[in-house]
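The tour goes from one selection to the next.

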Amino acid sequence: MVIDLVAAGRKVGVTATSHKVIGNLLLAIMDASLEESRPVRVMQKCDEHEFCGHTDVEPTTDNGKVLAALLSSSADVVGGTAWLWSRPEFARSVDTLFVDEAGQMSLANVLAVAGAARNIVLLGDPRQLAQPSKGSHPKGSDLSALDHVLGAAATITPEQGIFFGTTWRMHQNVCGFVSAASYEGRLHPDESCNQQWVHAPGALTGPGISHLPVSHWGNRTSSEEEAAVVARLVNDLLRGEWRDRDGTVRPIRLKDILVVAPFNAQVQLLQAMLPQYSRVGTVDKFQGQEAPAVIYTLATSSPDDLPRGMEFLFSLNRLNVAVSRAQSLAAVIYSPELLRVRAHTPEQLRLANAFCLLVETATTIET
């Protein structure tokens, strides 16, 4: 879309919640430019340590230089945060502004940058995690711009925009649950994804989703019982093999395994029990990343032990992000008492149903 706009003589802006996201999109634009042999002049407004690093992208820290490049048409595409595009002097400075990860950018921020362009394109997935926020804000202000566009719908309608219905990450045995739970069954894998599999000697092998019930009591944000199971599973996986979408088979390495938890306390416990350099973190940390195998450990013992209420641990977006990191194999470790949760609102019932759907459709592995 950006390449076509530039070819038509349009000026394009790129923004997002972080310089890293902006840089990733600029790199993709440069790749498309090279692939299609259509040159694009790109500038990124950022500090030196935030630069995307492409040799043909011009970095600058000077707002005046950016504006001069747009006014003189010496730049076709400019990337910068909302702090750049919301400045009064940048009003109508580009024809189209692309907002990447718009599922994380608040409506207020999108409105703040909207004056910089005649057209706004929102790119993103509102079924992922929202941008973290602090403080107290009016009801609805925590919703992203895309959330406001979609309303109660899970996916965008043809009248509103374009739904990208193909994933180039997940095997169909993983994508099936993700699609049914979060995308109204509209998401399907590219056929090449179905070549991906993990073969290991332990309990986790082959493509698909497994669930491992582990009984424990009195745990709120960390579980040694679940961490011990994770350590054993990681050790087994490291003795296995990974076949990628091109058919290349190689031994599984630490970087091929994502270990995900909802709470920092569980992350810290896992880091102490797993090999050095293991990829361990919260769901928020791994959003946007992928790996052949993903292990998601919930840590909480029962509904009575939930530290932040049902809406946090049972968040459909959180479950979606955790499971959909997997290219071939995902495993969810949890206390079976969590299945006894009592829903008090329609929204809580929806959240409980999503978790029950995973347990009903996934392969059961006894620990």
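Start by selecting asparagine 320, which sits in helix α12 (residues 316–323). Helices here are DSSP runs of H or I with at least four residues, numbered from the N terminus. This is a predicted model, in which local features need pLDDT of at least 70 and side-chain atom pairs count only at pLDDT 80 or more, while totals for chains, interfaces and linings use all residues. Residues are numbered from 1 along each chain as its sequence is written, and side-chain values use heavy atoms, with hydrogens and water left out.

Asparagine 320 has a relative accessible area of 2%, so it is buried (buried is under 20% relative accessible area, exposed over 50% and partly exposed in between, with a 1.4 Å probe and protein chains only). Now show contacts, meaning heavy atoms within 4.5 Å. Leaving aside residues up to four places away in sequence, asparagine 320 touches Arg127, Gln128, Val178, Ser182 and Tyr183. With tyrosine 183 there is a side-chain polar contact of 3.0 Å. A polar contact is a pair of N or O atoms within 3.5 Å; within protein, one must be able to donate a hydrogen and the other to accept it, and residues adjacent in sequence count only if both atoms are side-chain atoms.

Axes are lines fitted to C-alpha atoms, for helices over the stretch in contact, and angles run from 0 to 180 degrees between N-to-C directions. Angles under 35 degrees count as roughly parallel, over 145 as roughly antiparallel, 65 to 115 as roughly perpendicular and the rest as oblique. On the α12 side, select Leu316, Leu319 and Val323; they meet Arg350, Leu351, Ala354, Phe355 and Leu358 of α13.

Move to helix α8 (residues 224–237) and helix α9 (residues 264–273), whose axes come within 10 Å and cross at roughly 45°. α8 and α9 are therefore oblique to each other. In this contact, α8 supplies Glu224, Glu226, Ala227, Ala228, Val230 and Ala231, and α9 supplies Gln266, Leu269, Leu270 and Met273.

Last, select lysine 65 in helix α3 (residues 63–71). Is lysine 65 buried or partly exposed? Lysine 65 is partly exposed, because its relative accessibility is 38%. Beyond residues up to four places away in sequence, lysine 65 touches Met43, Glu58 and Thr60.

Notes: Helices (H or I, at least four residues) and strands (E, at least two) are DSSP runs, numbered from the N terminus.
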